[in-house]
Amino acid sequence: MTKTILKSFNYRFTNAMAGPFSDTCYTYHKGKLLYYNESILLKIGLDAKMEKIEKAIIHDISNNNNTYWKIITPSQNEWDVFLNALDELDVWSWKEDYSDSDVMDGGGSNLQIITNKNKLYTSMYNDCPDNIFEFSRAFHKLKKEEFKF
């Protein structure tokens, strides 16, 4: 059996009620998970090239100003557990678009995951797949954060 290898992971949340600083992002980069607020990066004039983002995060962390970004470094085992959870949850069968056009505010997210075996591109705006909470639980475990619902 071929081992699943993560090639790309991008998860963006937007909250329409949060104003100009609402774009929270998680991006896979060189075995790490970078958490950052894209609106803040643009405001300070930093383009979205991963190497520049990682350097800015490292600089900011070293100056104890860890407000808008951080680097999360899961172990290989933690990545493997997360990737197995994606298969168990069959996120690969999620629709490309989940939206509720009757709701005019609120928030949404875009999720893109590419492995050597599967690809997922989905957008969720005031609607989501039935097993989103199980996915969120697995993602919080990867981030080493408690899942609260």
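This report walks through a helix pair, its salt bridges and a few of the residues around them.

## About the model

The structure is a predicted model, in which local features need pLDDT of at least 70, side-chain atom pairs count only at pLDDT 80 or more, and totals for chains, interfaces and linings use all residues. Residues are numbered from 1 along each chain as its sequence is written, and side-chain values use heavy atoms, with hydrogens and water left out.

## Helices H3 and H4

Let's begin with the two helices. Helix H3 covers residues 76–89 and helix H4 covers residues 132–143; their axes come within 9 Å and cross at roughly 175°. H3 and H4 are therefore roughly antiparallel to each other. Helices here are DSSP runs of H or I with at least four residues, strands are E runs of at least two, and both are numbered from the N terminus. Axes are lines fitted to C-alpha atoms, for helices over the stretch in contact, with angles from 0 to 180 degrees between N-to-C directions. Angles under 35 degrees count as roughly parallel, over 145 as roughly antiparallel, 65 to 115 as roughly perpendicular and the rest as oblique.

On the H3 side, the contact (heavy atoms within 4.5 Å) is made by Glu-78, Trp-79, Val-81, Phe-82, Ala-85, Leu-86 and Leu-89. H4 contributes Glu-134, Phe-135, Ala-138, Phe-139, Lys-141 and Leu-142. Sorted by class, this contact has 10 nonpolar, no polar and three charged residues. Here Ala, Val, Leu, Ile, Met, Phe, Trp, Tyr, Cys and Pro count as nonpolar, Asp, Glu, Lys and Arg as charged, and the others, Gly among them, as polar. Ala-85 of H3 is buried, with a relative accessible area of 15%. The C-alpha atoms of Ala-85 and Phe-139 are separated by 9.2 Å, although the two are 54 residues apart along the chain.

## A closer look at H4

H4 has 12 residues and reaches 16 Å from its first C-alpha to its last, close to the 16 Å expected at 1.5 Å a residue; the expected span is 1.5 Å times one less than the number of residues. Its buried residues are Ile-132, Phe-135, Ser-136, Ala-138, Phe-139, His-140, Leu-142 and Lys-143. Buried means under 20% relative accessible area, exposed over 50%, and partly exposed in between (1.4 Å probe, protein chains only).

His-140 has 18% relative accessibility. Not counting residues up to four places away in sequence, His-140 touches Glu-145, Glu-146 and Phe-147. Just after H4, Lys-144 takes a positive phi of about 65°.

## Salt bridges

The count comes to three salt bridges, each defined as a side-chain nitrogen of Lys or Arg within 4 Å of a carboxyl oxygen of Asp or Glu. One joins Lys-3 and Asp-80 at 3.3 Å, N to O. Lys-3 sits in the segment before strand S1 (6–15) and Asp-80 in helix H3, 77 residues apart, and the pair links distant parts of the chain. Lys-3 is partly exposed at 45% relative accessibility, and Asp-80 is partly exposed at 21%.

Glu-78 pairs with Lys-144, their closest N and O atoms being 3.2 Å apart. Glu-78 lies in helix H3 and Lys-144 in the segment after H4, so this bridge ties together parts 66 residues apart in sequence. Glu-78 is partly exposed at 26%, as is Lys-144 at 49%. Lys-143 also forms a salt bridge with Glu-145, with the closest N and O atoms 3.2 Å apart. Lys-143 is buried at 7%, whereas Glu-145 is partly exposed at 28%.
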